[in-house]
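I opened my notebook to look up how this chain is built. These are my entries, in the order in which I made them.

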Amino acid sequence: GVVHYHDFVLREKNFTRLCSNKSMLVVNDSFPGPVIRVHKGDTVYVNVHNQGDYGITIHWHGVKQPGNSWSDGPEYVTQCPIQPGTNFTYEIIFSNEEGTLWWHAHSDWSRYSIHGAIVVYPVNGTTYPFPTPDGEEIIVLGSWYEINVNAVVDEDLRTGGDTPRSVAYVINGQPGDFCNCSKESTYRWVVDYGKTYLVRLVNAAMNAELFLAIADHNLTVVGMDGNYVKPFVTGYIMISPGQTIDFLLTANQTLGHYYIVAHQYDTARPDVTDYDQMNASAILMYSGNYTAPGIPIYPSQLPAYENHTAGDAFVARLRSLANEQYPVDVPMNVTTRMYITVSMNQILCSPPTCAGINGNRLASSMNNISFLNPDMDILQAYYSNLSGVYTPDFPSWPPTMYNFTEYDPPFNVTVPIVATKVMMLNYNEEVEITFQGTETLNASEDHPMHVHGYSFYVVGSGVGNFNNVTDSLTYNLVDPVQLNTVRTPKIGWVTIRFKANNPGVWLWHCHLDRHLSWGMDTVMIVRDGGTPETSLRSPPPYMPKCKVPFSHWIR
Ligand code: C2O
Ligand code: CU
């Protein structure tokens, strides 16, 4: 592969959206940030210069980085933040990913302003498993906040309140046509009649699964999370935060202007009804001489807010290519099986320290462990055999069995243990994990679960409590989709499988930042396989120092 070099300069910059001005920390003065383009198998060095006033880390979402956790990015998991006035060079090793991925900050909530797309083209001289498109387009969906999010999140976590909602969603940085003061700056994509485009869609929104549709145009989904899928034609897309979807669009409609609309799919807060908070819009415009109507056509195929049936229907259509050229390799002899609940929780305390639900502080958990970030990174502790930073006893089964999807489960299961517990796996183990959504605090919602360093096969999913006897019979082991971020459906479960063939320290977490900062995460350590190629590399000569006070989070 080819080696590429980039400089990412992090600097505060003023942006005007929704009639007001605010400063945000961004990369190379742009929001969203620069696109990294590589071919499969390339290596990229990104030198991150932090000229902001708080520590930052960057993660290369979906890039497996074989043996190279050192450049993976999550704060206090694989590194400590890059402090203001310093720099750090990431080495990003592309192996078998092909399609669209993305990069984002992985410290505090900084990713709301610090993110961008990664495009991985097929190896030089080879091509896509579909006819070569005439053009390409990148669509990054994001969240817009009026406030300084990190300050508010800190305060919320400290006092135990809720974390903030974005005031709008954005398409390539713009809220669009439906919001005050943002009509003029609406993102516009110009297409030529008759041409077919490959659209690379990223959901970089902080806390929302989104539907997306383009008026009067069908979308042919061809890839997801850096893997190809069996092409299927759809009128809309449902995409969870963290996920990427590649689709083809043929500009074959009457010359005109068509709305591209992204619309909130699910929220635990039905009180959010403001139209601006639900929609972002952009305009697809045909080139040429014609008179377009004053208002673009609205996408009639866009499902309504909270339409879970439409969300489920979209997800159910995802299949791997599973052909000779793109075979699947689903683990068939599972050696480690885990059943992991993902829950909303509360930590008992009282005002004024805590001001959340019942005066308590909100939390989240996996198997009722609310993850506590340690003072130094787990990778360094693991590599240098330091004790006292984490314990290797993440439970592989829920500590208490109860009716997970029953409304209003027992109070005691709403209170998690707060600890730094990690799961240990031997090299090449064949792992199956079932994530079970729960109704604790009567707050079930979808949880998009993401793992670093891996992608996995999604072999099954369903509603209610998982039943090991009957539900495992429904697994698709023939052409399951391969993802790095999977939706655990509200009041339901999802089962994934992967082979633990990437040694190192890898974060597992819900990609809703609210849940991540409340503790819906854990770390998976995969031991070395015994040869240099199957072992965690040694650290680069320089890693950012962990300094006191270590943690920005107070959990
Ligand atoms: Cu998109 Cu932990 O990452
Ligand atoms: Cu979640």
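**Entry 1: a strand pair.** I began with strand β13, residues 210-214, which runs antiparallel to β16 and is joined to it by three bridges. I call two strands paired if DSSP finds at least two bridges between them. Which residue of β16 is the bridge partner of L210? I found I239.

**Entry 2: the sheet around the pair.** Next I looked up the open sheet with the order β11-β19-β18-β13-β16. It has five strands, and the pairing is mixed. Its edge strands are β11 (188-191) and β16 (237-239), each pairing on one side only. On average, neighbouring strands of this sheet are turned by 20 degrees against each other, direction ignored.

**Entry 3: what I am reading.** This is a predicted model, where local features need pLDDT of at least 70, side-chain atom pairs count only at pLDDT 80 or more, and totals for chains, interfaces and linings use all residues. Residues are numbered from 1 along each chain as its sequence is written, while chains are lettered from A and ligands numbered from 1 in the order in which they are written.

**Entry 4: the whole chain.** I noted five helices and 32 strands. The C-alpha atoms fill a box of roughly 70 × 55 × 55 Å along the principal axes. Why does the radius of gyration agree with a compact globule? With 555 residues, such a globule would have a value near 24 Å, and the chain has 22 Å. The radius is taken over C-alpha atoms, and the globule rule is 2.2 Å times the number of residues to the power 0.38. Buried residues make up 50% of the 555 residues.

**Entry 5: one buried residue.** I picked T78, in the loop between β5 (58-61) and β6 (87-93). Is T78 buried or exposed? T78 counts as buried because it has 29 C-beta neighbours inside 10 Å. Beyond four places in sequence, its contacts include D377, L379 and V505. A contact means C-beta atoms, placed from the backbone, within 7 Å. T78 and W506 are 428 residues apart in sequence, but 7.8 Å apart C-alpha to C-alpha.

Entry 6: I found a cis peptide bond between F31 and P32, with omega about -5 degrees. P32 lies in the loop between β2 (20-27) and β3 (36-39). C19 is not a glycine, yet has a positive phi of about 70 degrees. C19 counts as exposed, because it has 10 C-beta neighbours inside 10 Å. N385 is not a glycine either, and its positive phi is about 60 degrees. N385 is exposed, with 6 other C-beta atoms within 10 Å.

**Entry 7: domains.** The assignment gives domain 1 (1-128), domain 2 (130-320) and domain 3 (336-534). Such bounds come from an automatic or database domain assignment. The C-alpha centres of domain 2 and domain 3 lie 28 Å apart. I noted 28 residues of domain 2 in contact with 29 residues of domain 3.

Technical notes. Helices (H or I, at least four residues) and strands (E, at least two) are DSSP runs, numbered from the N terminus. A residue is buried if 20 or more other C-beta atoms lie within 10 Å of its own, exposed if 12 or fewer, and partly exposed in between; C-beta atoms are placed from the backbone. Two residues are in contact if their C-beta atoms, placed from the backbone, lie within 7 Å. Axes are lines fitted to C-alpha atoms, for helices over the stretch in contact, and angles run from 0 to 180 degrees between N-to-C directions.
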